[in-house]
Amino acid sequence: MNDSSNYISKYETIEDIKLTDEEFNEYSRVKEEIIQGQINENSAINSINISNIKQEYPLLDDSVINRLMMDLKGYGKIDALLDDDDLEEVMIIGDNLPVYVYHRSKGMMITDITLESNEIRQIIEKIANSVDRKIDNQTPILDARLPDGSRVNATLPPVSTNGPTITIRKFKQDPLTIIDLIKSNTISVDLAGFLWTTIEGLGVKPSNIIIAGGTSSGKTTTLNTLTSFIPPYERIITIEDTLELQIPHQHIIQTETRPANIENKGEITMDLLLKNSLRQRPDRIIVGEVRSSEAITLFSALNTGHSGIGTLHSNSSHETITRLTNAPMNVPSIMIQSIDFIIMQNRLHGSNDTVIRRVTKVAEIVGSENNTIQLNKIFEYNSQSDKIEFSAINCNALNKIAKLKGVSYNDVVDEIKNRTKYLIEYMEKYDGDIDHVQSYINKYYSL
């Protein structure tokens, strides 16, 4: 086997707490006693502190105590990785194999950390217990989340042949905002002004949007930031497999799917949550990822006057249509026209091998001809200038807003310019706080 690690950047961690064989045996014994004691007393591991351990085990060395605290309170050797806000993903790939990470700017990296099978299983069991889910040989796949919202997928043999695995998609401690996306050139300020106007819809015609792209292209982040353009008086219902969205909105209900239990009962699907949301009088339905039969329910809702935004795995706007209209989604072509825009987002390689995210196209659905959905390019990415530029002669969504609002098309265009200018004015005093951004956007409606 070729050693591919020679071609991947190294991520150096702080040296792990090293124990002698005698100390490790003592550590293992005490750890098992503590865990068993907590189970018997039905108490939380988080209630344990250093003074408790020193009082109970006065002869333990400090190195053993520190290792115990690291394992019992956190997630052992990977704590340092989870604490690094520059990392997007932590990937444990098996027994005694190196842990990989995905850095926000440097891409894939290999760490100097390895874990044995029993260490990985302890982390998996701790995560599963924290969300009241089960993983074992009967159900060897786990989807869960950490207390900070980070998404977790874990597998056990025989599903993963090299031993247990864990993949953690980390949440940023401070969520990115629309201003961050503008500053990082993921979108332009002109596109932000356009999307603000069309998402809010001037109170008469809010746009329905699908954000599409490949894995780790930043779809969920863009979705999260665009929700700041939803007016504060609207009621939002979110539907996700695993809670990821961090929406700074007061009137919001967040819902999450649930797998079946060991008796194959109690499953809560995306489709069931979506149908239930229609009974909750939503102004806006947000679906974390559209991938199966729930697509028909979503498009039925959009065709009956509800407004929505969702994400979908796809590599182009035409592929997005193809995926929606074929199995397993099977959305009738006539219902696709309830979507106003498809936003395409891609992960690209920038200068110096850095990883960048860019919205590369905004396509408008303008109708159907010979049972083929027709698309109109509104914005398109120019790789030479590294900018996304307005490329349309006309925009149907703006025409609809103008007609329903009783104003001219140019009046709507002027409103886009006003909102763009408003965002530019804030960029110089931006402090990175998502609540401050939301408050600033909300103030616009009272000007």
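This is a predicted model: local features need pLDDT of at least 70, side-chain atom pairs count only at pLDDT 80 or more; totals for chains, interfaces and linings use all residues.
Reader: What volume does the largest cavity have?
Author: Grid points get joined across faces, edges and corners, and a volume is the space filled by probe spheres set on the points. For the largest cavity that comes to about 50 Å³.

Reader: Which helix supplies the largest share of its lining?
Author: Lining residues have an atom within 4 Å of a cavity point, and here they include Asn224, Thr225, Ile434, Val437 and Gln438. Helices are DSSP runs (H or I, at least four residues), numbered from the N terminus. Two of them, H8 (219-226) and H15 (434-443), each give at least two lining residues. The largest share, 3 residues, comes from H15.

Reader: How many residues does the largest nonpolar core have?
Author: A nonpolar core is a set of buried Ala, Val, Leu, Ile, Met, Phe, Trp, Tyr and Cys residues joined through side-chain atoms within 4.5 Å. Ile178, Ile179, Leu191, Phe194 and Leu195 have the most contacts inside the largest one, and helix H7 (residues 189-200) gives its largest share, 7 residues. A second, separate core of 27 residues includes Val90 and Ile168. The largest core has 48 residues.

Reader: Is Ser317 buried or exposed?
Author: Ser317 sits in helix H11 (residues 317-325). Leaving aside neighbours within four places in sequence, Ser317 is in contact (heavy atoms within 4.5 Å) with Ile342, Met344, Lys361, Ala363 and Leu375. Buried means under 20% relative accessible area, exposed over 50%, and partly exposed in between (1.4 Å probe, protein chains only). Ser317 has 3% relative accessibility, so it counts as buried.

Reader: What radius of gyration does the protein chain have?
Author: The radius of gyration is taken over C-alpha atoms, and the globule rule is 2.2 Å times the number of residues to the power 0.38. With 447 residues, a compact globule would come out near 22 Å, which agrees with the chain's value of 25 Å.

Conventions:
Residues are numbered from 1 along each chain as its sequence is written. Side-chain values use heavy atoms; hydrogens and water are left out. On a 1 Å grid over the protein atoms alone, a cavity is a set of points where a 1.4 Å probe fits but cannot get out, and a pocket is an open set with protein on both sides within 12 Å along at least five of seven lines; lining residues have an atom within 4 Å of a point.
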